[in-house]
Amino acid sequence: CGSNFAHRIMLQKQSSHHLVTYGIYSILRHPAYFGWFYWSIGTQLLLCNPICFFAYLYASWNFFADRIPFEERTLLSFYPHEYPKYA
């Protein structure tokens, strides 16, 4: 993973943190989540596995439905002026 991504959501802003709004982040706010979501369900679709496709779809959707809003609130608290303009 790059320097701007961690598997655990940071709860405290470090002095080295900055909001990245260029590159892939200018198109997608959560490129790793986007990729992982479609990879997880896409593999099951390619394997023609309908049961796992729907299981992965359900699990992935619920995971990101919890994680993304929490991360959005955290980023808003880290960058109260910059993040609303970016989002």
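User: Is Glu 72 buried or exposed?

Analyst: Burial is read from relative accessible area, computed with a 1.4 Å probe on protein chains only: under 20% is buried, over 50% exposed, and anything in between partly exposed. Glu 72 has a relative accessible area of 15% and is therefore buried. This is a predicted model, in which local features need pLDDT of at least 70 and side-chain atom pairs count only at pLDDT 80 or more, while totals for chains, interfaces and linings use all residues. Residues are numbered from 1 along each chain as its sequence is written, and side-chain values use heavy atoms, with hydrogens and water left out.

User: With which residue does Glu 72 form a salt bridge?

Analyst: A salt bridge requires a side-chain nitrogen of Lys or Arg within 4 Å of a carboxyl oxygen of Asp or Glu. The structure holds one. Arg 29 is the partner of Glu 72, and their closest N and O atoms are 3.4 Å apart. This pair links distant parts of the chain, 43 residues apart: Arg 29 lies in the segment before helix 1, and Glu 72 in helix 2. Helices here are DSSP runs (H or I, at least four residues), numbered from the N terminus. Arg 29 is partly exposed, at a relative accessible area of 36%.

User: Where is His 30 placed, and what separates its C-alpha atom from that of Glu 71?

Analyst: His 30 is also in the segment before helix 1. The two C-alpha atoms are separated by 10.0 Å, although His 30 and Glu 71 are 41 residues apart along the chain. His 30 is buried, with a relative accessible area of 13%.

User: Which residues line the second largest pocket?

Analyst: Rolling a probe the size of a water molecule over the atoms shows where empty space is left. On a 1 Å grid over the protein atoms alone, a pocket is an open set of points where a 1.4 Å probe fits, with protein on both sides within 12 Å along at least five of seven lines; lining residues have an atom within 4 Å of a point. Here the lining consists of His 30, Tyr 33, Phe 34, Phe 37, Tyr 38, Trp 61, Phe 64, Ala 65 and Ile 68. Helix 1 (31–46) and helix 2 (50–78) are the elements that each give two or more residues to this lining. The pocket holds about 200 Å³ of space, a volume being the space filled by probe spheres set on the points, with grid points joined across faces, edges and corners.

User: How many aromatic pairs does a search of the whole structure find?

Analyst: A pair of aromatic rings is described by the distance of the centres and the angle of the planes. Rings of Phe, Tyr and Trp (its six-membered ring) pair if their centres lie within 6.5 Å; planes under 30 degrees apart are stacked, over 60 edge-to-face, and the rest tilted. The search finds 10 such pairs. One of them joins Trp 36 and Phe 64 edge-to-face, at 5.9 Å centre to centre and 70 degrees between the planes. Trp 36 belongs to helix 1 and Phe 64 to helix 2, 28 residues apart. Phe 64 is buried at 9% relative accessibility, whereas Trp 36 is partly exposed at 41%.
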